[in-house]
Amino acid sequence: MAKVERSLGEKLQSLPKPVLYTILILVTSIPQFFPVPVPNLPSKSSVDVFTILTTIPEDKPVLIGSDWTTSTRGESGGLFKAMIRILMRRNIKFAIYTTADPQAPQVAKDVIRVLNEERRVNGQRPYENWNDWISIGYFANPEGTANSINNDVRAAFADKRSPDAAGAMKPVMDSPVLAGVRSVADFSTLALVTASNTSNVTIERVTKVPLVMMVTGVMGPETQVYYESGQLKGLAIGLKGCYDLETLMSRQWPGKEFVNLDNGAKYYPTLHLALLLLIAAVVAGNVGMFMTRKRTVQRGS
Amino acid sequence: MDPENLLKVKMGVGVLATIGLYSVLYRENKFYRFWEHMFLGLAAGWAIVALWTESLHDDWYMKIVGNGPEGTAPSTPGYWAYVLLLPIGIMGYFVFSRKHNWLSRIPIGIILGLWSGQQVQVWWNRYGPQMADSIKPIIPTTTGFFRPGTNGLDPAQAASINSQVYVSDAITNIIFLITLLSAVSYFLFSVEMKNKFLKNMTVLGRMLLMVGFGAIFGSTVMMRFTLLIDRMYFIFIEFLKNGLFGGS
Amino acid sequence: MFDINLAPLLAQYYVGNQYRDTGWFGVAFTLMIAVFVLFNIARAGKGKDLYIRRIPGLNAIDEAVGRATEMGRPVLMVPGLSANVDAIVVQALNIFSYVSRIAARFSNPILLCCYNAAIYTVAQEMIRDVYQQEGLGDRFDPDSVRFISDRQFAFAAGVSGLILREQTAATFFLGDFYAESLIFAETANSIGAIQVASSTQPTQTPFFIAACDYVLIGDEFYAASAYLTRAPVLVGSLVGQDWAKMLMMSTVAVGSIVGSLMMGPFSQRMAVEEKVEGVWKPTTGLDGQPGPRPVRMDDTGIHILLTPSPKGDVVVDRPPDPDAPVEEAAPVGAGDGE
Amino acid sequence: MTFLNLLAQAETPTGFWNAPHGSGELWIKIFLAFAAGIALIFGLMAAPARMRRPIVSVFTFVGGLFYVLYYVWPAPVDRQPTEAPLNAAESMGFWLTDALPVVAKFSNVLSGFLLGLGIFSLLRVHGRRLFKMQKDWFFSLVLILSIVLMVVVGYWDWMTRLGENSSRLQDPAKWTSINVARDFVFDGMLQQMDAAMFSLIAFYILSAAYRAFRIRSIEATILLATALIVILSLMGAVEYLWGQGIASMAGYGGDAVAMNEANSFANNFTLTTIRGWIQSTVQTPSIRAIDWGIGIGALAMGLRLWLSLERTGGSS
């Protein structure tokens with residue numbers, strides 16, 4: 001086919017997709033070999049999350065909703081780790097349930113195994129399953145589960161089993177973690193780490209306990225609404241939220257024995273470049289458009 | 001095979017799959033088609049497994065037959081009535097029958113009924129608080145324009161500052177209300193916008209919606225890129241750097 | 001400030017949790033909306049002709065299908081990724097049955113991809129219906145309605161594969177879409193298909209706007225079938241929905257104005273008592289001492305109506321339940337694992 | 001009220017609705033119930049055509065009625081698990097509360113039973129392609145084989161994890177080859193493909209933004225502008241530098257923190273503040289507006305479906 005000489009403006013307007021995509025791959029991969037620290041001002045909603053996690057009473061357990069899997073580990077994983085690290089440092093017991101994906105419990109367990117390993121290395125007491133934390137498991141029906149958790153948490157968890165310290169299967173309600181939990185109000189807070197819209201489902205139905213949420217960037221704006229209206233006490237959004245938490249943690253626990261920086265610190269610098277690329281592409285497109293426009297105008301006159 | 005290598009192989013397959021699925025970015029090709037069909041197959045297979053292991057076994061079967069005694073938990077009796085759900089489910093399979101396909105509407109009807117009832121139940125929990133929150137002071141309580149910062153003031157002073165509605169707050173709230181009302185009025189379908197004011201209102205509503213969408217786009221971009229970065233981390237750092245070329 | 005609280009009127013304890021303090025208001029509000037809808041449905045049923053504004057995206061449907069026919073390429077439809085059959089799916093399928101009716105008349109191939117088996121069941125039934133009503137029952141290919149996968153991204157992979165292989169000329173993505181929305185939209189865009197899209201997830205709308213030709217924003221989606229079919233029930237219900245929205249708007253507007261006046265224009269009005277857990281208590285001033293404090297928004301009548309604060313420590317004595325299981329004290333500490 | 005008594009803590013008394021675990025009585029009851037269900041199907045098959053819509057409507061109505069009742073029926077105040085209802089009205093309230101966790105599971109169980117139809121659809125499309133050796137038959141083969149693979153591995157693995165083993169197998173070191181296989185197929189392949197597909201969106205976002213974000217109309221411009229502001233504010237470094245810039249302009253020697261502490265008026269111009277303002281003043285209400293519309297729409301549609309006012313299906 002005959003090649004027509006195209007002006008720079010036209011070229012700028014029609015960069016071939018493969019080129020864009022290749023650049024994006026380069027931009028998102030290469031910088032990862034050269035991590036650099038990035039300055040950061042934590043946003044208010046993330047600060048609220050941190051304050052709540054660092055001020056809730058030690059004697060009450062936290063109920064954690066873990067509705068994320070490998071596919072969103074980039075954001076949710078970082079947020080989840082940050083929260084668990086804080087709770088572990090404060091020796092707060094926690095119970096994890098999920099309504100999003102049958103795999104979520106396993107993913108959560110894996111993270112906790114890693115964090116325990118990390119604690120052992122840094123000479124801290126590993127968190128024991130059943131005694132310090134417990135995985136309640138997966139519930140197939142988010143709406144119904146949220147309803148019954150709010151309505152009667154004992155009934156909701158009644159037929160869930162978990163191995164106890166000795167490895168015998170016991171009803172989860174027998175666990176020391178949940179000892180003395182009569183209603184959902186006996187948890188100091190419900191912290192939901194979600195990559196789906198289980199956030200709305202929970203907000204709509206769970207009203208008896210303060211809610212804190214850690215959501216992905218996508219659910220951010222939607223969930224922000226509930227933070228504004230006070231239905232959420234704290235809200236960490238996406239990688240920024242994750243990096244916010246990590247920043248705050250390293251202020252609170254500067255000690256060498258504490259691992260504070262993780263996914264957030266790893267990915268945040270690269271994110272900058274990727275976003276810059278996006279902006280550059282948009283700018284290029286528009287510049288090109290204006291250039292061609294000008295030319296046509298000149299031709300006209 | 002020792003766990004070390006197994007892990008490497010496992011990661012390798014993951015990387016291959018990733019590349020295969022990415023290849024569609026260039027164009028649809030056999031390599032993509034291969035991974036796509038494998039993906040669909042595994043997903044369907046998993047659906048069959050999970051149906052029983054994650055849902056029916058606990059939520060249905062165990063309810064019917066009950067549990068034997070376990071740990072401190074005494075045995076629980078079986079509730080036979082649950083079995084009635086099975087025939088109702090079976091009705092769905094009449095969908096291909098020319099004569100009785102209407103039967104398939106019964107299970108669907110029940111599911112829809114349950115859903116509909118839930119809407120009535122949850123509507124207020126969701127929208128009541130939102131209405132309450134949308135009610136904002138639109139008249140300032142003071143002539144001060146900007147809200148002064150409260151750092152380093154004693155609580156009483158800070159409290160009195162925070163209790164005030166400054167002119168800027170009032171303006172902000174008015175903008176909030178205008179956005180809300182005009183955006184909602186954009187979604188009035190049966191009201192004929194003869195009146196010029198109403199027309200402009202809906203146009204404004206659409207504009208303001210775009211602001212909202214822009215903001216959403218912005219904050220979504222963050223997550224999408226993060227996931228890509230995470231993938232790249234998996235391929236280049238976890239697999240290549242630490243995996244194949246062993247650590248450091 | 002006046003106390004809106006039915007509890008004293010009805011017997012204090014048996015009034016029911018959700019009605020205590022101003023809880024009754026929420027129920028009343030919901031029922032009110034139900035009445036609006038049903039009343040207008042009845043009204044429309046009486047043959048009263050009601051107006052509906054134009055919805056651009058929908059006029060495109062015929063055009064899109066027409067173009068597909070010219071090119072002799074299939075029309076692809078996806079009723080969203082709802083986890084189970086719900087109104088959103090049914091709504092989408094209603095629109096799709098309109099689409100496939102046109103397609104059937106032009107004997108244009110269609111492809112309807114379902115996210116789960118329940119949706120597949122409904123779709124199968126509805127679309128076959130359409131063909132039979134058109135007297136083209138024999139022309140309906142059961143495989144044109146397909147179950148792809150009930151796993152979000154497997155579904156995404158499968159559908160974009162289909163789009164690229166079948167080279168669909170028109171695509172309709174209507175319903176509940178999440179992250180995958182852009183995968184579909186960009187893929188279809190890359191082969192130049194006409195796209196009509198809408199997601200009930202506000203967060204996905206911008207991506208459809210960026211990549212699709214026509215987008216139904218928000219509940220234009222719910223208005224669609226009324227607009228297309230003009231069925232009295234749907235039109236009436238639509239009017240009812242508008243009434244409901246207006247009710248919500250006016251609640252907010254009136255609340256804001258009244259509230260602002262109560263807080264006092266350009267000077268702070270003081271409140272001497274506030275409602276805590278359903279009872280009025282004297283206020284504490286800003287200095288923490290008992291005394292008047294500036295009026296807040298949540299002191300205002302409408303706000304109190306919208307946010308019930310029932311008394312916490314209500315005790316109701318009931319006779320013990322004869323056949324209730326006796327609660328054993330849950331064993332504390334690591335159980336003696338036998 | 002023994003029906004639906006789901007507190008697992010204590011020995012549940014048996015009655016009409018249930019029977020002891022593993023007892024012959026239970027199996028007889030189960031069998032009878034199932035037989036009754038099948039009989040119901042045949043009964044319905046015999047139903048005259050004009051009765052069909054009403055029958056479906058009844059089922060739908062009953063389904064919805066539960067939640068509506070649950071919503072409007074006075075819920076018992078301060079109920080303790082060991083208390084009996086005071087009067088008829090309250091016993092209804094008790095029943096509704098007890099029934100909720102049970103009914104909540106119905107729709108999932110029901111749609112679960114339908115999965116077979118979906119699989120059937122898959123197998124029909126690909127089976128035909130395979131046996132007729134049509135184009136791409138090989139990929140259909142791949143698909144069917146992967147289904148089989150996953151089903152076998154998945155169930156086998158599940159069997160090994162039943163009962164006491166489940167705790168032992170939480171430690172990968174104790175895994176047998178089948179557990180490893182499942183981990184390989186599920187975590188190694190399925191999950192990875194999920195992540196890959198998900199991250200694909202980043203590319204599409206880039207190309208979509210590049211193509212669509214042109215300053216053509218006012219609407220497009222507004223969208224573009226807000227998107228840019230938010231994106232910039234999400235870039236910690238940019239935000240930080242911006243803060244420094246503002247601070248130096250406001251005469252705090254480029255120290256944003258000092259500026260903040262000094263309650264400077266200039267604080268209103270940091271990127272975070274601006275983004276926060278846009279999000280809470282414009283984005284929140286506009287999303288809320290959409291949300292209200294959709295909520296009302298869903299409620300209305302719910303009513304129409306519940307009362308079978310709207311003929312679902314292709315009737316025009």
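Leu38(C), Val58(D), Phe61(D), Val62(D), Leu307(D) and Leu309(D) make a nonpolar surface patch of about 450 Å². Patch residues have over 30% relative accessible area and no salt bridge, and nonpolar side chains (Val, Leu, Ile, Met, Phe, Trp, Tyr) are joined within 5 Å. A salt bridge here is a side-chain nitrogen of Lys or Arg within 4 Å of a carboxyl oxygen of Asp or Glu. Areas come from the Shrake-Rupley method with a 1.4 Å probe.

With 3 residues, helix H2 (residues 49-72) of chain D gives the most to this patch; Val58(D) lies in that helix.

## How to read the model

This is a predicted model, in which local features need pLDDT of at least 70 and side-chain atom pairs count only at pLDDT 80 or more. Residues are numbered from 1 along each chain, and chains are lettered from A in the order in which they are written.

Helices (at least four residues) and strands (at least two) are DSSP runs, numbered from the N terminus.

In a regular strand the side chains alternate between the two faces of the sheet. On S7(A), Leu211(A), Met213(A) and Val215(A) are buried on one side, and Val212(A) and Met214(A) on the other.

## Its two neighbours

S7(A) pairs in the parallel sense with strand S6 (residues 190-194) of chain A over 5 bridges; pairing needs at least two bridges found by DSSP. Met213(A) is the bridge partner of Leu192(A).

S7(A) also runs parallel to strand S8 (residues 234-237) of chain A, joined by 4 bridges. There, Val212(A) has Gly234(A) as its bridge partner.

How values were computed
Heavy atoms only, no water. Buried < 20%, exposed > 50% of the residue type's maximum accessible area, 1.4 Å probe, protein only. Patch = residues over 30% accessible without salt bridge, like charges linked within 9 Å, V, L, I, M, F, W, Y side chains within 5 Å.
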